[in-house]
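Trainee: Please give me a close look at one single part of this model, with the criteria stated as you go.

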Amino acid sequence: MSSSDPPSSAVSPVDRGTGGGAVASGKSPNPGVEPVGRGAELRQLAGLLDAARAGNGGVLLLQGEPGIGKTTLLDAARGMASGFRVLGAQGVETESVLPHAGLVQLLGPLRELAGRLPPGQGEALGRALGWSAERGPVDRFLVAAATLSLLAEAAEKSPLLVVVDDLMWVDPESASALLFAVRRLDQDRVAVVLASRPLTPVSGLVEGLPTLSLAGLDEDGSRHLLGSAVTAAVARRLHAASGGNPLALLEVARRMSAAQAGGGAGLPDPLPVGDRLGAALDRTLASLSPAAARGVLLAAVHPAEADAVVSSALTAEGLDAGAAVDEAVDREVLREESGGGHGFRHPLLRAAAVRRASAGERRSAHRALAAASPAADDPVALWHLAHAADRPDENLAGRLAALATDSRSRTGHASASAALERAAWLTPDPGQAASRRAAAARDAFVGGDMVRTRRLAAAVLDDRLAPREARAVAGLAQGMLEQYAGSVPAAATLLAEAVDCSDGAARVPALTELALTSFRLGDMEAFHACATRIAEAADGSRADQRLARDFTTGVSLLLHDQREAGQALLRSVVEQSADLTVSEVPHAALLLAMAAGFLGDPRPAMETGLRLLAELRARGEVGVLVSTLAIVAAGRAWLGDHVGAFADAGEAVELGTHLGYVADVSVAEETLAWQLAARGRHEEAAEALVRARALTDRAGTTAVAAHQALTAAYCALCRGDVAAVVAELEPRLDLDGGVGAMGEPLGVAPMLVEAYVALGRGEDALDLARRLETATSPDAPAHQRAPVLRTLALAAVDDDEALATYGAALAAHAEAPELFETAHTTLLLGSRLRRAGRRVEARERLRQAREAFAAMDLSLWVERSDAELAATGTTRTPAAAVGDALTSQEARVARLVAEGLTNREVAAALFLSPKTVEHHLSSVFRKRGLRSRGELIRAFARVPGNGGEHS
């Protein structure tokens, strides 16, 4: 059944015989008459539709209290959508436990287009919606990507209007998939209008969407709604008493006597407004006969089109089903639907029917519907039995646990979590109940439901009698949630408890997460302790545990100056990863990227890393993808692939924000800020830094986030504010000794010395440069020795000493080619040569720097090189030129097209629509003056051996 606002058959809210005016914020009783008092809202909807017709997709969320007119505006949007194909779905509270029920409603009419979806997406959507007999796991982001692709495909033939009412009751799987899709359809002919009450379970998912908050009608609108059957004075009093709530006005008007309407008697008291609106609806339901009331309750609790099942249940109870339904229609509780069957006149009537029934009546209704269901093993029938139960029942609990297993493999983890939670409630044995509740928490985390994860995990962790194994599962689930999307210090506590509740190899997953958490917090001793325990407990025959063991032990050895042994183990991680898939070890890409970072040379890991990234995309493993993209972006930048780094960081921010991630998104935001600053986009860089700081504050890691201070200082350096560089980095010397982003001693010194020199603080610069030299081991990797030498050269007073030291720095750079750092050193050398009066040599170095920066797409540094060249008296424009800077998303598209992917393949890889890819590709062609895909491929050609692209 579906539901809607007041019936279109109503010709007047007061007097059905008068042929009165339009229903406020409701369907017009007369064709061509628009809803009353909603001119501004209708214009906004018309603008949304017009933009979609022109190929600029958009979304609008209507929010407001019950009865305010959300559903009617959705109907108005349908009526305005001339030339559009219209798809709709209605959220129903009792359907919210059925996985993908909303998508089944919404996408069912598009099933014939499913064959055009990318293979992985098509298979996932087919399994999720029951369009395929194939069984297997369903990843929620592949379903989300498939939803996006299917809507985009439908919009190729005609503009598309997507209308979803009562979004707060749409099942989590469907809501997540739809909202992921609508945010990424901005270049497609798709208009999306959603309606929801404020402060709903989906509030986190809808954050940032264009929102229209609906208020009550003004006094003129209320008077127009009520028509001539009430006096102006009564209309004013009703407006004041109801706040202009349209449904409240309609409900009270239906119950007014002639004397009340004319002002000769007092108004009904209380008026049906706010909470009292429910009381008015209750009175409507109370007027039904017992048979009709029973039929309405059955329809309200059945989460599907209910006519046949309700009729069967009523007949089984000896009641006249046809008469019961007819009476409900006559009393304006139900209405006939245009497509057949019956629906509730208003969504609130459905909710009121459930609310006013006693617990026993609701259980009886569920029991009757289960008996009337066509198949006893149908999940809907099983849920009816689960809701009908009023005491523990292990048999029923076991069936729900089995349903959870099936749901996990067919429809998703969110539905598995719901089934396990109800199974836990029905389980007689407290220990088994806790175990099922812990498993529900784990599924909720994998499904991305943070609120549910916290609630379920807390229920287990607060239960002192819960088995250790259950506490371990719950602690790991909540600890991982806190690490990635909450408080990192809280994660450390939770994960430590999960470790203590585990034994043997079962401890390794929690220990691995605890090690990563300790690293985020800068607690290297805790990291070392985890590494030791992992080495003791790991099952070497399992690839995931072997990889975790070698990674954590290798890093621990490096941090304890056992460089050779540590590097050998980290090289082993790189080698092992070459033979792994993410299906075997989901976090393989993440550990590989981190291992390469500690080794100081991403080149050996890049080919494997790109393969694993592609596999993560194909599998829709977006959670791991976000973490990996954030780290791979740093690796790309290290190798000079700043187009790729900009692309990966931007993608990590977009996907991670949708997930609600915190720690990894903050790192990606910092990389994004670095890239924006290097392109001279200082305001955008500052905004990214503000977002990064807010995220590390939420994560509780700001105090230990040396990388954030370094990024902020770099952004200040780019905008020429060297005083801000000093203000950002000097406090780090006292806070943690000025360590760098990877824990290297005095890692803040290179930028701080550069700022000191620019401010004329030569003695401070020389003192800090010498401290850095002392703190860095002579046999340190080249990528650490090179900036030490550059810092000494910067601080040197004697030109000959400075120039010789710059030469040594460039020789060190050549051993570990960080192309930006090499170019930066070359620029500083050219500037020193110019100031020393050696202009010819200066021009050679400055041109080298300029060309390197241009190849990396770093336009601000190109401009600085040009300024230095101009100061040498150069008038000839260098050959290499930088076009308009690409956006992060344009860089992503260009990079994949350069690998030979078609637009559709790029769209599938980036979770975009083909139209969006086409739009960004056109921008790339325009900005770079390209005329063909072949020219683009050459312009973004791979650098041999490192897997990066240069523009």
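Mentor: A crossing is left-handed if the near helix is turned anticlockwise from the far one by less than a right angle, and right-handed if clockwise. By that criterion, helix 23 passes helix 24 in a left-handed crossing. The model is predicted: local features need pLDDT of at least 70 and side-chain atom pairs 80 or more, while totals for chains, interfaces and linings use all residues. Residues are numbered from 1 along each chain as its sequence is written, and side-chain values use heavy atoms, without hydrogens and water.

On the side of helix 23, the contact (heavy atoms within 4.5 Å) involves V488, A491, A492, L495, A496, A498 and V499. Helix 24 contributes A510, L511, E513, L514, T517 and R520. By class, these residues divide into 10 nonpolar, 1 polar and 2 charged; Ala, Val, Leu, Ile, Met, Phe, Trp, Tyr, Cys and Pro count as nonpolar, Asp, Glu, Lys and Arg as charged, and the others, Gly among them, as polar.

This pair belongs to a chain with 46 helices and 7 strands. Among contacts in the chain between residues at least 6 apart in sequence, 68% join residues at least 24 apart.

Terms used
Helix = DSSP H or I, 4+ residues; strand = E, 2+ residues; numbered from the N terminus.
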